[in-house]
Amino acid sequence: MSQLTGTTTILRLNVRRDRVRLALWVAGLAGLVLATASGIKELYPTRADLQAYAETAGSSPAAIALNGPAHAVDTTGGAAVFEVGGYAAVAVALMSILLVGRSTRAEEESGRTELLRAGILGRHAGLAAAVVVAVGANLLIGAVVAGGFVALGLPTAGSLTFGASLCAVGVVFAGVASVTVQLTEHARTANAMAGAVVGVAYVVRAAGDVGESGLSWLSPFGWAQATRPFASERWWPLLLVVAASGLLLTTAVVLQRRRDVGAGLVPQRPGPARAAPGLLRQVGFSLRLQRGALLGWTVGVFAGGAAFGSVGDEMDDIVADSDGLQDWIGAYGGNPTDAFLALTLLMLALGAAGCTLTSALRLSTEESAGRVEPLLATPVSRPRWMLSHLVAPLLAGVVVPLAGGLGVGVAYATLTQDPAQVPRMLGAALAHVPAVWALTGLAVLLIGAVPRAVALVWAVFGGCVVAALLGSLIRLPDWVLELSPFAHTPRLPGESVQAAPLVLLTGLAVLTVAAGVAMFRRRDLR
Amino acid sequence: MPTVIDATGLGKRFGRTRALDGLDLHVDTGEVHGLLGPNGAGKSTTIRILLGLLKADAGAVTVFGRDPWADAVDLHRRFAYVPGDVNLWPNLTGGEVIDLLGGLRGGIDSRRRAELLKRFALDPTKRGRTYSKGNRQKVALVAALASDSELLILDEPTSGLDPLMEAVFTDCVAEAAAQGRTVLLSSHILAEVEKLCDRVSIVRDGRTVQSGSLTELRHLTRVTIEASTHRPPAGLGTVPGVHDLTADGTSVRFDVDGEHLDEALRQLTSYGVQTLTSAPPSLEELFMRHYDAAPGDDTTDSAIDHTADTPTADTTADATR
């Protein structure tokens with residue numbers, strides 16, 4: 001147990017350091033889930049309404065692919081779980097990953113762990129404290145959600161099961177992150193690896209649920225949903241969660257025991273003694289710093305697009321058999337397959353926005369890490385430095401959505417034997433680019449104007465995701481929904497394209513970038 | 001001699017903290033100028049203002065006759081800078097960073113780069129993450145010294161270097177000075193400034209408390225004399241300007257103010273001098289007096305002690321290294 005000496009001290013440190021962050025995660029996620037449940041209650045007040053919902057949305061394969069299996073969707077609880085459960089599970093998984101990564105590998109990378117480990121502190125104390133905090137946050141979310149559901153008048157057993165299943169997903173991914181942070185020296189890479197596991201788990205679950213094969217049992221998301229809240233609940237799938245978490249944590253401990261502080265599993269190899277000519281150009285330099293991350297996002301979004309694209313052609317058959325579905329999809333504007341593809345492309349575009357924001361915020365990281373100072377002490381002007389670092393995010397804002405469109409297009413074209421789907425999906429994906437750029441512009445504006453508050457852009461991003469995926473369900477007023485740039489880009493294929501909003505968004509992006517650069521020029525370097 | 005850096009009355013606040021409070025700094029072409037002060041005195045803030053990274057709240061500053069905030073980019077063509085805390089990109093090698101920084105200054109002399117790498121014994125193939133503090137500093141030093149800049153701005157450049165590398169650094173700065181380049185060197189290491197600098201500005205609490213050449217500063221202070229005499233040197237303690245006299249039989253040790261040196265020596269020779277060593281005041285002593293921190297010494301009557309603030313534990317620790 002001496003390896004755990006000092007865990008409580010680190011635990012207190014982590015809670016103190018992250019108290020605002022933890023409160024925001026818990027309140028944000030639990031609040032979102034509860035808002036959806038209360039929205040469902042108002043939208044479908046009667047048994048008949050729920051019945052109609054179950055026959056339409058609740059049996060659409062598109063919705064099943066995105067949300068998970070439809071259990072008891074003719075009850076308020078079941079419908080709420082169906083509508084928000086899938087997204088909430090992903091969000092909880094990401095929270096766990098970020099929390100664990102932040103207080104383990106990121107600390108180690110900064111050199112602060114070394115300082116602490118020189119004190120009376122066990123080898124695994126940092127990891128243990130991080131996992132305890134993450135598990136605690138998940139327990140809290142599960143408890144608030146369960147309590148809230150009961151307060152909304154939903155059955156207790158179902159409420160508890162759903163709360164527990166959300167918590168379970170979070171715990172498993174805390175385990176995944178504990179392993180990935182052992183593998184690499186860089187917190188960013190560790191988060192990316194764990195994030196990729198989330199993506200794969202989500203896609204595997206989607207494929208399993210749509211195909212009704214056993215594939216979903218390979219995904220932690222599948223385990224959580226197999227507890228079937230509000231529909232003949234079962235608790236035993238949670239045993240899988242316990243087993244997997246135990247296995248992952250053991251692996252993490254074994255790996256940590258074998259490695260040096262600060263080191264990853266793969267030792268650093270010597271690199272080039274001279275810089276390649278490309279590195280000497282500012283743009284080449286900024287791309288070099290980000291190439292790994294950008295490549296990862298591009299491949300990930302492409303794969304996600306391909307996975308969902310390959311489900312696309314099952315829509316038509318199923319919908320043709322169901323009058324109710326046809327009506328429902330009709331309200332969304334035409335062809336059900338198109339509606340599904342449009343939603344997929346929107347989600348991929350949101351992913352792309354996440355990529356461009358991390359990329360744009362590199363400006364802020366570079367500054368606070370003190371790496372800008374030597375560069376700006378050379379004859380590089382601040383605007384030139386900033387703009388050259390913005391090439392990566394602005395480019396990613398086009399390339400990553402296109403990769404998603406390509407994935408969807410290629411998969412769907414293969415299934416339908418219609419090569420024309422590829423350019424169609426590429427075009428549809430491009431429609432969201434101005435919205436992605438507008439968010440990037442906001443990030444640049446914050447960096448220039450209020451460098452201490454750049455993290456605000458993540459709150460805005462979270463708001464955009466909620467508005468796009470759940471906005472109408474949680475009954476946000478229209479004006480709030482329309483604050484999101486993604487409310488103004490057409491959901492293609494299916495909708496008609498209007499140039500004005502796209503031009504305006506692009507103009508807004510240009511303006512905010514220009515303003516951000518101008519203000520960065522006028523302020524002190526931090 | 002034309003002025004390279006001319007700053008008067010510089011002020012800078014960070015929120016409620018006053019980092020600079022009327023700092024003056026004048027550096028002439030070709031001179032090696034030391035900016036001396038304890039941690040938190042405002043040395044790095046001053047340097048960052050000279051680089052145009054921060055905007056001064058008060059006072060006037062020009063570098064090569066121009067405003068460093070407005071004309072930063074043009075001025076930087078003539079600068080090379082080594083930060084006190086060198087942060088490298090974790091996934092770039094030292095060699096790549098040297099080329100990058102050199103490239104931004106308009107190219108790098110490959111021969112000089114190779115020579116400096118050899119002299120500093122730096123492996124350019126390692127990645128930023130794996131360098132020690134000293135090696136990170138060497139990366140920045142090689143990049144700066146390999147450039148053709150007219151002004152070298154070095155912020156505590158040797159804080160991570162071992163004594164061997166410090167010697168290499170000293171040689172390199174001396175060579176740069178011999179080529180007519182101007183060097184501004186901030187430090188809290190007195191021996192370093194003493195070895196390298198023509199002129200010194202001593203900063204404390206964001207203000208220049210003393211500035212001048214080493215000779216100018218020295219004449220203001222005391223010389224330490226150790227001697228042994230034929231006869232016991234009784235009565236030496238009554239000579240004006242003699243301090244801290246300790247006599248053990250015919251051995252004697254005392255400090256004497258520069259202006260009373262002549263009288264003290266006359267008196268000393270009257271006892272029949274056998275051996276004599278005199279030590280010029282080290283910058284260390286000058287420095288100590290400015291921070292009221294000489295170990296166990298009474299410095300209240302110091303000739304150059306213009307300030308009466310009480311020392312804090314911090315400045316004491318810094319000054320004694």
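**Chain B and its contact with chain A**

In this predicted model, 36 residues of chain B and 39 residues of chain A take part in the contact between the two chains, where contact means heavy atoms within 4.5 Å. Local features need pLDDT of at least 70, and side-chain atom pairs count only at pLDDT 80 or more. Residues are numbered from 1 along each chain as its sequence is written.

**Buried area**
- About 3400 Å² is buried between chain B and chain A, and carbon and sulfur atoms give 57% of this area; buried area is the accessible area (1.4 Å probe) that two parts lose on being put together, summed over both.
- B:Trp89, B:Leu104 and B:Arg129 supply 20% of the area that chain B buries against chain A, more than any other three residues.

- Four salt bridges are counted between chain B and chain A, each being a side-chain nitrogen of Lys or Arg within 4 Å of a carboxyl oxygen of Asp or Glu.
- One salt bridge joins the side chains of A:Arg274 and B:Asp99, at 2.9 Å from N to O.

**Elements of chain B at the contact**
- Helix H2 (72-76), strand E5 (79-82), helix H3 (94-104) and helix H4 (110-119) of chain B each supply at least two residues of the side that touches chain A; helices (H or I, at least four residues) and strands (E, at least two) are DSSP runs, numbered from the N terminus.
- H3(B) gives the most to this side, with six residues.

**Domains of chain B**
- The domain assignment, automatic or from a database, gives domain 1 (3-217) and domain 2 (222-279) in chain B.
- The centres of these two domains, taken over C-alpha atoms, are 42 Å apart.

Definitions and conventions
Chains are lettered from A and ligands numbered from 1 in the order in which they are written. Side-chain values use heavy atoms; hydrogens and water are left out.
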